[in-house]
Amino acid sequence: MGFIDTIKARAKADKKTIVLPESEDRRTYEAAAQILKEDLANLIIIGSEEAVKKGSEGLDVSKATIVDPEKNEKTQAYVDKLVELRAKKGMTPEKARETILNDYTYYGVMMVKMGYADGMVGGCTTPTANLLRPSLQILKTAPDSKLVSAFFVLDVPNCEFGADGVFIFSDAGLNQNPNSEELAHIAYDSAKTFETLIGKKPITAMLSHSTM
């Protein structure tokens, strides 16, 4: 069984609820349709029923839960919580409502924060900085992580290196020119991620893309 097949099997065995905030992008619906077809996760798509119906035309996303922030009864609770979390930063009820109704990434993160979802996937139309901002403001980093870093997984067929050809590469562009302490934290978090995702003992190598 390959790496992706293993991840899918684990997802099916312990189904999570994932929020998809970018309901204006066709790729969101294409991905949602495939995930629902394979029964990999419970999905929440944020947007009006009309917008979701139009955006998903020709695709079956009927098993997804559609949440319209304008009509959802939980929206006020999200507004109140955002004010509570960001009060010291000048957040007001009016600003909080405007923020989560006009930026669905904030709405999705609030759903995770309040326990109505396990995670959120975004980034097809939202710039990285705008995607990270609500996560850092509301969810924060893990207790033993001192900075946020990015990684991507490489799954190389018929490869004798890595974990049967599976590698994690970090930091893939989020932290520009990190210092030695930041590199150490990135290496530590990457090793933990490797063990969690792949289930094998990590071996860490420090690479440089410097032209020197």
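Predicted model: local features only at pLDDT ≥ 70, side-chain atom pairs only at ≥ 80, totals over all residues.
Residues are numbered from 1 along each chain as its sequence is written, and side-chain values use heavy atoms, with hydrogens and water left out.

Lys192 forms a salt bridge with Asp144, with 2.7 Å between the closest N and O atoms; the term means a side-chain nitrogen of Lys or Arg within 4 Å of a carboxyl oxygen of Asp or Glu. Lys192 is in helix α8 (residues 180-198) and Asp144 in the loop between α7 and β5, so the pair ties together parts 48 residues apart in sequence. Helices (H or I, at least four residues) and strands (E, at least two) are DSSP runs, numbered from the N terminus. Asp144 is partly exposed, at 38%.

The whole structure has 8 salt bridges. Another one joins Glu30 and Arg26, at 3.8 Å, N to O. Both residues lie in helix α2, 4 residues apart, about one turn of the helix.

Now helix α4, residues 75-86. Its buried residues are Thr75, Tyr78, Val79, Leu82, Val83 and Arg86. Seen down the axis, they fall within an arc of 135 degrees, so they line one face of α4; the arc is taken from the directions from the helix axis to the C-beta atoms.

Notes: Expected span 1.5 Å × (residues − 1). Buried < 20%, exposed > 50% of the residue type's maximum accessible area, 1.4 Å probe, protein only.
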